[in-house]
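Dear colleague,

I am handing over the structure below, and I would be grateful if you could look through it alongside the notes that follow.

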Amino acid sequence: MTNQERTNRKERNIRGLLFGIASVAVTGVVLIILFVFKEGWPVLFKYGPVALFTGKVWQPMTADYGMLPLIVGSTYVTLIALVIGVPLGVGCAVFLAEIASETIGKMIRPAINLLAGIPSVVYGFFGLVLLVPFLRMTVGGLGFSLLAGGIILAIMILPTIISVSEDAIRATPREYKEASLALGANHWQTIYKVLIPAARSGIMAAVVLGMGRAIGETMAVIMITGNTPLIPKSLFEPGATLTGTIGQEWAYASGEHAGALFTVGILLFGLIMIINSIALFLFGKKVES
Amino acid sequence: MDLKVKAQQFNLYYGNFQALKEINMEIFPKTVTALIGPSGCGKSTFLRSLNRMNDLIDTVRIEGRIILDGNNVYDPKTDVVALRKKVGMVFQKPNPFPMSIYDNIAYGPRVHGIKDKLRLNELVERSLIGAALWDEVKDRLQSPALRLSGGQQQRLCIARLLAVEPEVLLMDEPASALDPISTGKIEDLIGELKKNYTIIIVTHNMQQAARISDHLGFFLLGSLVEYGLTEKVMTNPERKETEDYLTGRFG
Amino acid sequence: MRRITKYTQGLAFVLLWVTALITIGFLLLIVFFILKEGLPSVNWEFLTAYPRRMGREGGIFPTIIASLYLTLASLVIATPIGIGAAIYLTEYTREGAGTKIIRFATEILAGVPSIIFGLFGFAFLVTFLKLGFSILSGAITLALMLLPTIIRTAEEAIKSVPNSYREGSLALGATKWVTIAKVVIPAALPGIVTGIILGVGRAIGETAAVWLTVGGALRLPISIMDSARPMTLHLYTLAAEGLSLPRAYATASILIICIWIINTVANLLMARFSLKLRAQFFHGEFEAAFCDKAISGG
């Protein structure tokens, strides 16, 4: 009996230990929220969210923390990334799921994996040495611009969009496709009238996930957008994003300025939470259908 | 004769579904008891009740008692680990671990604290001999168990059991996934094993039950409809359902 | 009419081919452009010499060590936690409120941008816990970032271990923990290792979070409390401050080659053990979560 009690106690202890370990993720999230809010809260409270999020001047020297330029900058680069990345990514996903032979798929997928694995700082560097000079030569100006940031982000979010969309398309029931083909529809009609609509929420989720990645990306945009916190008049002008501003200014910021960067962090965190919730919701829908 | 296992008014529920209904059964030591019946009749569930493998399913609820050597298996004070050591189980599909042949057999003894290399060697050899597998594998004890044929894997699983020195062997259709020759070997083995062990076997195969068992239990819709000496049940069943089943009228 | 639809299909397929070619084109452009400019500068001296004049001259030896040090330290933290959490989620608990919270937290971690991790590490580890800019601060931050990948892959690997192994072991009288430690984990090891390798790739490539927590001292890190500058951050500094373009190209080349090797190893492992974990490459934890639901629901 004592033997059994000892075994039971040991099993209970292991279970407890594992529960503790599994809770680390929860603790981590709580600590992240706690400390980003703790640091960012004073500025948020002092100036108020409305003034901060709609203020047009970001000038820490004069204690102006209007974040609208950064919000506009992040919005622009993200929209550019989606405008370029979504058609390319979804197209590539359809190609992989429906058209490519197994051999071609086997050649392309590792390439996309590599694209996903390349560090963001390398993307930034690539943008800096190739895209920025190219834009400077072709459209003039500095080359450092929201457009350059958006283009590089488009490449960076391609793997996310491709993989998630491809899985969504592959997850559509085989019967749909067979039924459509049996009715005399050709392959392309089947793809765009049956498969893509059926995979809609999965593809939407892919787009939303790509959006989250674009908004959250730091190093690449820091290196090529120019980090100028002014509301841009055109896409060819330099701008600044939420992430880029934190990255650019944290090293020398102090006092209230540092606090303001954490307030930017709160805003960023909130946006990401909203975006990811939408993605989760879309995945939920996909499961139901 | 003393009883080895005794089920008393045993009920088992999966959630709201009653899978076993008032089972009363007496099993004698060093005999082979076969449980037969159509799929879903509860015979496997009953078998898994004897070593509490059903505990792994959360929604299972138990009433009644299963007595093993005078002790209730479902007593809260029962040491499940010791119980499973005493009541070994062979599964429908051979399930050797992805380890060497030697490590598969030595797994149980090691788990129960035997570390001495010589002792382990001896146990491995004795178990493999006991399961009639020694001659086939003695030269490749370190090769992966998964490389053995299906029939060999099943005998390996039996050898793995013997190494923890059980008293009761539960077999859940141990030959259903095997070819006729391997099946024959398993049946011969069961005949050998019953000299030392109490064996309870679930089978779909009536001829097999007739060949190897001393007692026969017929399950239907969760109830033990008929139970007795195999010869008696086979040739002269008391219940109409048993006769219908034996003559192939349903199942 | 038939002819028009046929032309439409032809045109559409050509366009789909073009999207795939453009995607591959981007990769080839980036990889070849950087390797072409960078590889000529990569030599033994570059790899083993210390940088001089802030990196304008000399090699990148300390930054390679810093990258390895950080990666190793973060994995030492994240691996046991990740595997432990995966064991708890798959073997010790039923799906309920508790697991929902843990999974939700894991998903949040997977989605949080690295700069936020950086802010957190800076505020909590560097400043509040007074760990300073150090390998330790960076490793803890990185470990949190790697957790989702390691937990997910380990969970998938553990789930793919046949139940018959568990039954076989339990029926021999082994306890639950012994069964997990001696049968389940060894059988799941290839999948678990794949997750760790993917973690290595992410740790080596990470920049922003590391920047805010490790600082950027350009010297050889010895103690875990030393500040350091990993390769990614060095590349950023070289490029953004215009210190040395050839050295920036060479550093970028080394990073690309590292990632390529890591991906290849992970691919081989996955192909060999036919684990369907492709989503992990894309930080696609949501997708994996979806698969889980689909599987456990079935």
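In this predicted model, B:Lys30 lies in the loop that runs between strand E2 (17-27) and strand E3 of chain B, and its phi is near 55°, a positive value in a residue other than glycine. Most residues other than glycine have a negative phi. With a relative accessibility of 47%, B:Lys30 counts as partly exposed.

A positive phi, near 60°, also occurs at A:Ala63, which is found in the loop between strand E1 (58-59) and strand E2 (64-65) of chain A. A:Ala63 is partly exposed, its relative accessible area being 30%.

Strand E3 of chain B belongs to an open sheet of six strands with mixed pairing, in the order E6-E7-E8-E3-E9-E10. Strand E6 (87-90) and strand E10 (223-229) of chain B stand at its edges with a single partner strand each, so one side of each has no neighbour in the sheet. On average, neighbouring strands are turned by 15° against each other, direction ignored. Within the sheet, E3 (residues 32-36) and E9 (residues 215-220) of chain B run parallel and are joined by four bridges, and B:Thr33 stands opposite B:His215 in E9 of chain B. Helix H6 (residues 150-162) of chain B packs on the sheet, where this helix touches E6 and strand E7 (168-172), and its direction makes about 170° with that of E6.

In chain C, a nonpolar surface patch of about 430 Å² is made by C:Leu39, C:Ile257, C:Trp260, C:Ile261 and C:Val265. C:Val265 is placed in helix H11 (residues 245-273) of chain C and, at 37% relative accessibility, counts as partly exposed.

Definitions and conventions: Residues numbered from 1 in each chain as written. Chains lettered and ligands numbered in written order. Predicted model: local features only at pLDDT ≥ 70, side-chain atom pairs only at ≥ 80, totals over all residues. Heavy atoms only, no water. Patch = residues over 30% accessible without salt bridge, like charges linked within 9 Å, V, L, I, M, F, W, Y side chains within 5 Å. Areas by Shrake-Rupley, 256 points an atom, 1.4 Å probe, with all protein chains shown as cover. Salt bridge = Lys/Arg side-chain N within 4 Å of Asp/Glu carboxyl O. Helix = DSSP H or I, 4+ residues; strand = E, 2+ residues; numbered from the N terminus. Buried < 20%, exposed > 50% of the residue type's maximum accessible area, 1.4 Å probe, protein only. Pairing = 2+ DSSP bridges. Axes fitted to C-alpha atoms, helices over the stretch in contact; angles between N-to-C directions. Contact = heavy atoms within 4.5 Å.
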